[in-house]
Amino acid sequence: MTQRSAPLPSPAAGLPLAGKASLTSGSGDFVSQGSAAAGVPAVRMSDGPHGLRLPRESGDGGQLDLHSAAPATCFPPAVALGSSWNPELAEEVAGAIAAEAAAHGIGVVLGPGINIKRSPLCGRNFEYFSEDPLVSAELGGAMVRGLQNAGVGAALKHYAANNQETDRMRVSADIDERPLREIYLRAFERVVRRDRPWSVMASYNGVNGVPVSQNTRLLTEILREEWEFDGIVMSDWGAVRDRVAALRAGLDLQMPGPGGRTDREVADAVESGALEEAVLDRTVDRLALFAHRATGRTGSPATLDVDASHRIAGRAADQCVVLLKNDDALLPLDPASGSVAVIGEFARTPRYQGAGSSQVTPTRLDVPLDSLRALATGADVRFAAGYALPGADDGQPDARLADEAVELAGRSGTVVLFLGLPPQDESEGFDRDHLDLPTAQTALLHRVLAANPRVVVVLSNGGVVRTAPWQERVPALVEGWLLGQAGGGALARVLFGTVNPSGKLAETVPLRLEDSPSHLSFPGEEGRARYGEGVFVGYRGYDAQRREVAFPFGHGLSYTTFGYDGMSVREDGDGFRVALTVTNTGSVAGREIVQVYSSGPAGSRVLRPVRELRGFTSVFLEPGERREVAVHVARHDLAYFSEREGGWKVEGGRYRIEAGASSRDIRASVGTDVEGDPSGLRLTGRNTLAEWFEHPVGGPLLGEAFARARAGSAREGAGALADPVMRRFLAGVPLDVVAEFPQSPLPPESLPALADEAEARTAAARDRQGD
């Protein structure tokens, strides 16, 4: 865990008002404002979730430039790194990014991004890890640790509910409290509490009608007070509309620098009394702590070793490739013999990163075609483009390129067909319209299959693409995502079997766009996006609706097979230790990712997903090797967020703990009983009869009251509630209404004392559990 810094003397005390106001905005596009008088250094920042986009300041002609000012290593973007399910790998990648940042004098890297992939159409999904908050938190938290342990700050983004690019600077994400907490804030909460990022970036959008940059509840009440965040909140670039309201809500730093205009607004607001100077002082103190953290590295700047970074990028890419399908063991290919037709322009002109503010100018680039040829010791590897990329002008029409490719496929032993999405189809700034591959590519696929059925399709894409119905005809399918600058070598190693693929999907691949749980409410209309699917995002929604999918969350094949047995679940500290034995039952060494899910409890008071990911681990095994693996599941992770009680609640009952190779490949399960939390519900006469009887304290108390009424025959209807039909009929009626009925077993005047007794007994139960 990153250590908290010791408190510094308040720099706000010695600064004039204008000087304090100036510290709360940037001095340029990617530099915070410093103050020599207050001893606050300026901090240089860089875009960089998967590598540095070294900034060109606006002095370079003032033109928008999304390319880096200098080369840096392009590591696998989050869409790929998420499929590694390997926090240690993510931490190593972040450490390498930090080393490059330090060598360039960068104090803060603007990342990682841990937003949830609510819809497969989001144009920025390539920058995010998963549709699941646990995967997002584990990979994102590892990157925070990797950066900050090396002395470079992380900017955890985009807080919060930034799940689309359509109308991204104005749209309101309208979310009920339970899905907000359980899905969209949960990864942020886990990373903030455990990994202590030095900064959090507030997103462009609003949440429930309030812009995040002005949202006191999100920035102060939840982030600072509830989660005890002690860093700064900076804005996304251009997100602040009302600087004074943003400061009051808890936003510390407006980026980029507005040239002093809003600094004057802040000073004027303090002078007029519209903004308390104490609010500004607290902000300045936080900014000073942040600046000292981000510039406090000791020793000389790191020496760049681009070759070492490239090797790390390659090892990372090896673990990100997902083998989706491999009928009749078509893969791996034999590098020593046979003829291989490599078809598709993406094999020669790879797409290895997404478009937008995260674009890195790579230090070098591994081309898949070149890497395949380099590894082929005896196989004959030949190439045909098959299609042209948008914007390319090589004088060759698509029809002629396709004809050449089909002819080559027909006279080759095996075809490796590279397909994917061009950057025009997905980028920061706009969402996708569909999930399909370009028409020219799918037409080529069908022609190639007719010429040669031994086809391996390799996908290059930042968001999922629809593989139905053609996936049924393709014997082997590899999800190559966007793998960074070393991805070409990784794909070649996987295809020829030098590397055994071990990646698993961190998001579901649907059969149709219409099957997506968010389909009818994405991206919203007239500035509002209603998150109508609630907690049923991704696999939670597909499972709840029993929808078939192309490939489920957590899916990924290997060149070997794994067996699971001997599962056990036992209490362990603040939760449960889930253990089982994994055996490599095949003939090749490989890595298996074991996923642990929970379901239940039966009879839950709220609608819950069929299963939810609670933990995961990986194990590398030689052929025939057996090893026990264990995953800790915290009891708190079984909780749901109760809107009625205003907090997290673990329901008592019997849960099923499951272990699987994917969300739909469950290999073992064990039932376990979990003691529930005492109810936090304050019962009154306005609670329904059912709510009283369901309450662990109120139910028995109400039963006692009814029993006394029946014994004394105090009311004519004292025994009416013994009738199960009547009990069900009255279940949804508030108790104070029941009491008004002429034959009610309870007089209205008895309800206040009954509610007080229920609260007293509930408090006593909470105290006993606390002891």
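This is a predicted model: local features need pLDDT of at least 70, side-chain atom pairs count only at pLDDT 80 or more; totals for chains, interfaces and linings use all residues.
## A walk through the fold and its aromatic pairs

The charged end of Arg-118 sits over the ring of Tyr-531, with 3.9 Å between that charged end and the ring centre.

Let's step back to the whole protein. Its secondary structure comes to 22 helices and 26 strands. A compact globule of 771 residues would have a radius of gyration near 28 Å, and the protein has 29 Å, so the two agree. If you turn the model along its principal axes, the C-alpha trace spans about 95 × 70 × 50 Å. Of the 771 residues, 60% count as buried. The accessible surface comes to about 29,000 Å², and carbon and sulfur atoms hold 50% of that surface. Contacts also reach across the sequence: taking those with a separation of 6 or more, 76% join residues 24 or more positions apart.

Now for the aromatic rings. The structure holds 10 aromatic pairs. In one of them, the ring centres of Tyr-159 and Phe-188 are 5.3 Å apart and the planes meet at 70°; planes over 60 degrees apart count as edge-to-face, so this pair is edge-to-face. Tyr-159 belongs to strand E3 (residues 153-159) and Phe-188 to helix H6 (residues 186-195), so the pair ties together parts that are 29 residues apart in sequence. Are these two residues buried or exposed? Tyr-159 has 1% relative accessibility and therefore counts as buried. Phe-188, at 0%, counts as buried too.

Compare that with Tyr-539 and Phe-553, whose ring centres are 4.4 Å apart with planes at 20°, so this pair is stacked. Here again distant parts of the chain are linked: Tyr-539 is in helix H17 (residues 539-544), while Phe-553, 14 residues apart from it, is in the loop between strand E17 (549-551) and strand E18 (562-572). Both Tyr-539 and Phe-553 are buried.

Next, have a look at helix H11 (residues 306-320). At 1.5 Å a residue, its 15 residues should span 21 Å, and its end C-alpha atoms are 21 Å apart, which agrees. Which residues of H11 are buried? They are Ser-309, His-310, Ile-312, Ala-313, Gly-314, Ala-316, Ala-317, Asp-318 and Cys-320. To see what surrounds them, find helix H2 (78-81), helix H3 (87-103), strand E9 (322-326) and helix H16 (487-495): the buried residues of H11 pack against these elements.

Gly-575 is found in strand E19 (residues 575-584). Its relative accessibility is 5%; buried means under 20%, so Gly-575 counts as buried. Leaving aside residues up to four places away in sequence, Gly-575 touches Arg-570, His-632, Val-633, Ala-634 and Arg-635. One of these, His-632, is 57 residues from Gly-575 along the chain, yet the C-alpha atoms of the two are separated by 7.0 Å.

Methods:
Residues are numbered from 1 along each chain as its sequence is written. Side-chain values use heavy atoms; hydrogens and water are left out. Rings of Phe, Tyr and Trp (its six-membered ring) pair if their centres lie within 6.5 Å; planes under 30 degrees apart count as stacked, over 60 as edge-to-face and the rest as tilted. Helices (H or I, at least four residues) and strands (E, at least two) are DSSP runs, numbered from the N terminus. Buried means under 20% relative accessible area, exposed over 50%, partly exposed in between (1.4 Å probe, protein chains only). A charge sits over a ring if NZ of Lys or CZ of Arg is within 6 Å of the ring centre and within 35 degrees of the ring normal. The radius of gyration is taken over C-alpha atoms; the globule rule is 2.2 Å times the number of residues to the power 0.38. Contact means heavy atoms within 4.5 Å. Accessible areas come from the Shrake-Rupley method with a 1.4 Å probe; for residues, only the protein chains shown count as cover. The expected span of a helix is 1.5 Å times one less than its number of residues.
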